[in-house]
Amino acid sequence: MDKKDKGVRMDRRGFLTRTAAAAGAGAILAGGLKQTKAQTTRKSTGKLDDINVGIIGVGAQGQVLLDSCLKAGQSIPGLRFKAVCDIWAFNRNQVVNKLKQYNKDIKSFVDYKDMLADETLDLDALIVATPDWLHAEHAMAGMNAGLHVYCEKEMSNSLELAKKMVLTSRKTGKLLQIGHQRRSNPRYLHAVNNIVLDSKLLGRVMQGYGQWNRAVSDDIGWPAKEALSAADLAKYGYDTMSRFRNWRWYYDFGGGPIVDLGSHQIDIFSWIFKSNPKSVIASGGKDYYDAHEWYDNVMCIFEYENDEGMARAFYQVQTTTRHGGFHEAFMGEYGTLVISEVPRDGNWLEKEINSPDWNKWVKKGYLKEVSTKMAKTKTSNVMLDVRVSPAPPKWPLPIELGTLPHQPHLHNFFNAVRGKAKLNCPAEIGYETAVAVLAVNNAVKSQKKIEFKKEEFEVHA
Ligand SMILES: NC(=O)c1ccc[n+]([C@@H]2O[C@H](COP(=O)([O-])OP(=O)(O)OC[C@H]3O[C@@H](n4cnc5c(N)ncnc54)[C@H](O)[C@@H]3O)[C@@H](O)[C@H]2O)c1
């Protein structure tokens with residue numbers, strides 16, 4: 001058979017990888033996700049094959065993800081970055097030059113279609129870190145080209161497109177990890193799974209709280225000589241350089257701060273409450289930034305109902321004060337967990353009363369008592385440090401996680417590509433979070449309580 005027949009190709013490992021039919025032919029079900037024949041074979045050999053990776057979008061976050069994969073001394077083993085795509089030469093050239101130290105033959109593309117069509121790259125996986133409105137187009141093109149995709153949050157600024165992403169992942173059998181990286185953060189995994197859900201050290205949790213506050217700031221700029229031409233901007237769907245750089249503030253390209261920042265933390269609410277929300281009410285406004293379209297300050301309350309009863313969570317995102325930074329708190333009968341991606345802002349459990357099995361779990365290492373000095377100076381309650389104990393597997397430097405908070409999520413993705421893990425944030429979870437988060441903007445606009453139906457969180461063909 002001609003390798004290119006019907007769009008099917010044989011990769012260098014000799015597996016069919018291109019079409020939906022090909023993926024489906026070698027697919028098995030694993031935790032609701034399909035794995036390709038190549039993945040299962042890798043699993044059985046246990047080999048750390050190189051994974052050939054391409055990336056679309058190498059702005060601020062694309063570069064953070066690359067650093068998280070490649071940082072000297074802490075890199076994810078077995079990754080080979082083969083291609084970079086970005087419409088903006090300024091970012092593209094900087095990144096390509098940097099990546100030449102790892103692969104002198106790295107290829108550079110302006111149009112992602114050319115990258116995906118280049119069979120000499122023999123890509124296995126794609127990272128998508130373009131603005132939200134492009135995620136669906138880029139991620140679906142990647143999956144349809146036979147690649148597993150790590151796609152940044154917000155999954156999409158359109159639920160219709162987010163749904164298509166889920167369906168494309170199912171149809172092609174390709175993995176689609178959404179970039180809610182707290183889902184793989186070992187401190188979050190320990191805090192949510194072990195402390196809140198398993199040991200129930202907080203007892204029944206009825207309140208959640210989250211905030212992401214940022215001080216006032218100017219719009220993002222660009223070096224004048226690096227501006228895209230008017231023709232190029234128009235070709236790629238932007239009207240001005242300012243909107244191209246500050247896309248997250250505009251209806252066509254992003255969802256504003258509640259989506260940009262809130263999605264990370266509202267995602268944790270559903271994880272902790274083991275359910276999607278029943279309703280949301282919200283208030284917000286364009287209080288400060290005249291040039292923007294989306295609300296700069298938003299407050300909202302979600303209601304949840306699970307097998308323990310009702311729970312409520314308040315979330316606020318403010319871009320006119322950085323007061324309190326960003327963190328989440330979960331308040332239960334026996335105490336409160338305060339946690340943040342930045343351990344400085346949240347990394348402890350505030351104990352109010354002993355849970356019935358308190359000592360048992362402390363003895364098991366679920367919590368580590370900090371020095372009496374810290375306990376006395378910071379709070380009248382006993383403060384317990386959850387940073388290091390018990391350390392989630394294979395993360396030897398928990399303190400350094402602060403500098404590479406995206407790495408565990410990428411690690412999880414590449415381990416799943418190798419058939420050695422299940423995704424921590426597959427397309428279905430990304431979709432559920434998008435349903436909850438995008439609704440906040442609608443609640444602000446309508447000034448009405450939005451009631452969710454269970455089916456709204458499900459994706460059916
Ligand atoms: N997980 C996180 O913590 C986190 C943090 C920041 C951003 N993000 C997400 O990462 C994504 C990128 O955000 P950012 O802050 O890097 O934005 P950015 O504007 O800095 O970078 C976007 C890049 O995409 C490029 N681009 C735009 N249109 C393109 C196209 N058609 N084809 C190829 N490249 C194109 C731009 O030139 C730019 O280099 C967003 O979805 C954002 O929500 C996630």
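Mean pLDDT (the predictor's confidence in each residue, from 0 to 100) is 84 for the protein, and 82% of its residues reach 70 or more. This is a predicted model: local features need pLDDT of at least 70, side-chain atom pairs count only at pLDDT 80 or more, and totals for chains, interfaces and linings use all residues. Residues are numbered from 1 along each chain as its sequence is written.

**Confidence**
- Residues 1-47 stay under 50 in pLDDT, and the model has 70 contacts beyond four places in sequence for them.
- Two residues are in contact if their C-beta atoms, placed from the backbone, lie within 7 Å.
- Residues 371-382 are also below 50 in pLDDT, with ten contacts in the model beyond near neighbours in sequence.

**Overall make-up**
- The protein has 16 helices and 18 strands.
- These are DSSP runs numbered from the N terminus: helices are H or I of at least four residues, strands are E of at least two.
- Of the 461 residues, 46% count as buried.
- Buried means 20 or more other C-beta atoms within 10 Å of the residue's own, exposed means 12 or fewer, and partly exposed lies in between; C-beta atoms are placed from the backbone.
- Among contacts between residues at least 6 apart in sequence, 68% join residues at least 24 apart.

**Helix pairs around α7**
- Helix α6 (residues 135-144) packs on helix α7 (residues 159-172) at about 10°, with the axes 10 Å apart.
- Axes are lines fitted to C-alpha atoms, for helices over the stretch in contact; angles run from 0 to 180 degrees between N-to-C directions.
- α6 and α7 are therefore roughly parallel to each other; the cut-offs are under 35 degrees for roughly parallel, over 145 for roughly antiparallel, 65 to 115 for roughly perpendicular, and oblique for the rest.
- From α6, the contact uses Ala136, Ala139, Met140, Met143 and Asn144; from α7, it uses Leu161, Ala162, Lys164, Met165, Thr168, Ser169 and Thr172.
- By class, this contact of α6 with α7 has seven nonpolar, four polar and one charged residues.
- Ala, Val, Leu, Ile, Met, Phe, Trp, Tyr, Cys and Pro count as nonpolar, Asp, Glu, Lys and Arg as charged, and the others, Gly among them, as polar.
- The axes of α7 and helix α16 (residues 427-446) come within 9 Å and cross at roughly 170°.
- That angle makes α7 and α16 roughly antiparallel to each other.
- Leu159, Ala162, Lys163, Met165, Val166 and Ser169 of α7 meet Ala427, Glu428, Tyr431, Ala434, Val435 and Leu438 of α16.
- The contact of α7 with α16 divides into nine nonpolar, one polar and two charged residues.

**Helix α8**
- Helix α8 (residues 186-198) spans only 15 Å between its end C-alpha atoms, whereas a straight helix of 13 residues would span 18 Å at 1.5 Å a residue.
- The expected span is 1.5 Å times one less than the number of residues.
- Arg187, Tyr188, His190, Ala191, Val192, Ile195 and Val196 are buried in α8.
- Those buried residues pack against β9 (205-213), α12 (262-273), β13 (326-332), β14 (335-339) and β15 (347-351).

**Two single residues**
- Phenylalanine 413 sits in helix α15 (residues 407-417) and is buried, with 28 other C-beta atoms within 10 Å.
- Leaving aside neighbours within four places in sequence, phenylalanine 413 contacts Tyr150, Gln177 and Leu423.
- Valine 64 belongs to helix α3 (residues 60-70) and counts as partly exposed, with 16 C-beta neighbours inside 10 Å.
- Valine 64 and leucine 404 are 340 residues apart along the chain, yet their C-alpha atoms are separated by 8.4 Å.
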